[in-house]
Amino acid sequence: KVCILRLGHRPERDQRVTTHVGLTARALGADGMYLAADDAGVVGSIGDVVERWGGAFFVEHRVPWKKCIRDWKEKGGIVAHLTMYGLEVGEVVSDIRQRTEDLLIIVGAEKVPGDVYGMVDYNVSVTNQPHSEISSLAVFLDRLFEGREIEHRFDGAKIRVEPCGAGKRVIEL
Ligand code: SAM
């Protein structure tokens with residue numbers, strides 16, 4: 001399993017970005033997202049996408065983040081925190097891939113609590129430049145899955161896009 005732990009979400013201003021973290025995670029092959037905040041709106045909007053577009057991606061909110069990390073590690077999983085201060089993704093991703101199939105990926109919002117850096121197995125950077133949780137997660141997942149996630153088909157979908165060079169072709173299943 002590959003899951004995301006989203007930290008620092010502020011319901012009044014991060015709803016859109018957190019929803020996009022979840023949608024990116026789902027589209028690029030992750031299994032679910034734990035949200036360390038109280039926001040049923042995010043759970044609902046990603047749930048609506050899953051309902052129509054298929055797959056089994058889950059979102060759990062009101063998750064106590066320290067417990068989430070500890071439980072994950074206790075069950076033998078590995079935890080990677082995406083941060084511009086970490087080791088370069090290219091240096092560590094094959095090590096992570098070989099060590100586990102159960103990976104928890106932490107992404108922050110504004111400022112991640114200092115404790116996180118010491119609690120995780122890896123602090124990983126996607127360049128050492130400041131950018132975004134959405135872009136860092138997308139690049140990291142693509143490297144983790146070595147590009148294979150792009151071909152993933154979602155079971156139980158009600159609709160699917162038929163790729164075409166111009167216009168839009170959507171198939172109702
Ligand atoms: N300034 C904040 C800090 O120092 O904790 C981070 C703000 S950034 C908008 C939000 C999140 O994007 C970070 O917590 C991290 O997960 C991710 N992020 C941003 N740039 C990154 C990078 N170069 N590599 C990996 N993750 C990055």
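This is a predicted model: local features need pLDDT of at least 70, side-chain atom pairs count only at pLDDT 80 or more; totals for chains, interfaces and linings use all residues.
Trainee: Over how many bridges do β1 and β5 pair?

Mentor: Strand β1 spans residues 2–6, and strand β5 spans residues 103–107. Within this pair, Arg6 stands opposite Val107 of β5. The two strands run in the parallel sense, and the number of bridges is five.

Trainee: Is α1 roughly parallel or roughly perpendicular to α6?

Mentor: Helix α1 (residues 15–27) packs against α6 at an angle of about 10°, and the axes are 9 Å apart. Angles under 35 degrees count as roughly parallel. The relation of α1 to α6 is therefore roughly parallel.

Trainee: How many nonpolar residues does the contact of α1 with α6 have?

Mentor: From α1 the contact draws on Val17, His20, Val21, Thr24 and Ala25, while α6 contributes Glu133, Ile134, Leu137 and Ala138. By class, two of these residues are polar and one is charged. The nonpolar residues number six.

Trainee: Why does α4 count as oblique to α6?

Mentor: Helix α4 (residues 89–99) and α6 have axes 9 Å apart and pack at an angle of about 50°. This angle makes α4 oblique to α6. α4 passes α6 in a right-handed crossing. The value that decides the matter is the angle of about 50°.

Trainee: How many charged residues are in the contact of α4 with α6?

Mentor: Val89, Val93 and Arg97 of α4 make this contact with Val139, Phe140, Arg143 and Leu144 of α6. Five of the residues are nonpolar and no polar residue takes part. The number of charged residues is two.

Trainee: What is the handedness of the crossing of α1 and α2?

Mentor: α1 and helix α2 (residues 40–53) pack at an angle of about 40°, with 10 Å between their axes. That angle makes α1 oblique to α2. The crossing is right-handed.

Trainee: How many polar residues does the contact of α1 with α2 have?

Mentor: On the α1 side are Gln15, Thr18, Thr19, Gly22 and Leu23, which meet Gly41, Val42, Ser45, Ile46 and Val49 in α2. Four residues of this contact are nonpolar and no charged residue is present. The polar residues number six.

Trainee: Which element supplies the largest share of the shell around the ligand?

Mentor: The ligand is surrounded by 18 residues, the closest being Leu82, Met84, Gly108, Glu133 and Ser136. At least two residues of the shell come from each of β4 (78–88) and α6 (133–144). The largest share is three residues, and the element supplying it is β4.

Trainee: How many residues of the shell around the ligand are charged?

Mentor: The shell contains seven nonpolar residues and eight polar residues. The remaining class is the charged one, and its number is three.

Note on methods: Residues are numbered from 1 along each chain as its sequence is written. A residue is near a molecule or strand if its C-beta atom, placed from the backbone, lies within 6 Å of it. Helices (H or I, at least four residues) and strands (E, at least two) are DSSP runs, numbered from the N terminus. Ala, Val, Leu, Ile, Met, Phe, Trp, Tyr, Cys and Pro count as nonpolar, Asp, Glu, Lys and Arg as charged, and the others, Gly among them, as polar. Two strands pair if DSSP finds at least two bridges between them. Axes are lines fitted to C-alpha atoms, for helices over the stretch in contact, and angles run from 0 to 180 degrees between N-to-C directions. Angles under 35 degrees count as roughly parallel, over 145 as roughly antiparallel, 65 to 115 as roughly perpendicular and the rest as oblique. A crossing is left-handed if the near helix is turned anticlockwise from the far one by less than a right angle, and right-handed if clockwise. Two residues are in contact if their C-beta atoms, placed from the backbone, lie within 7 Å.
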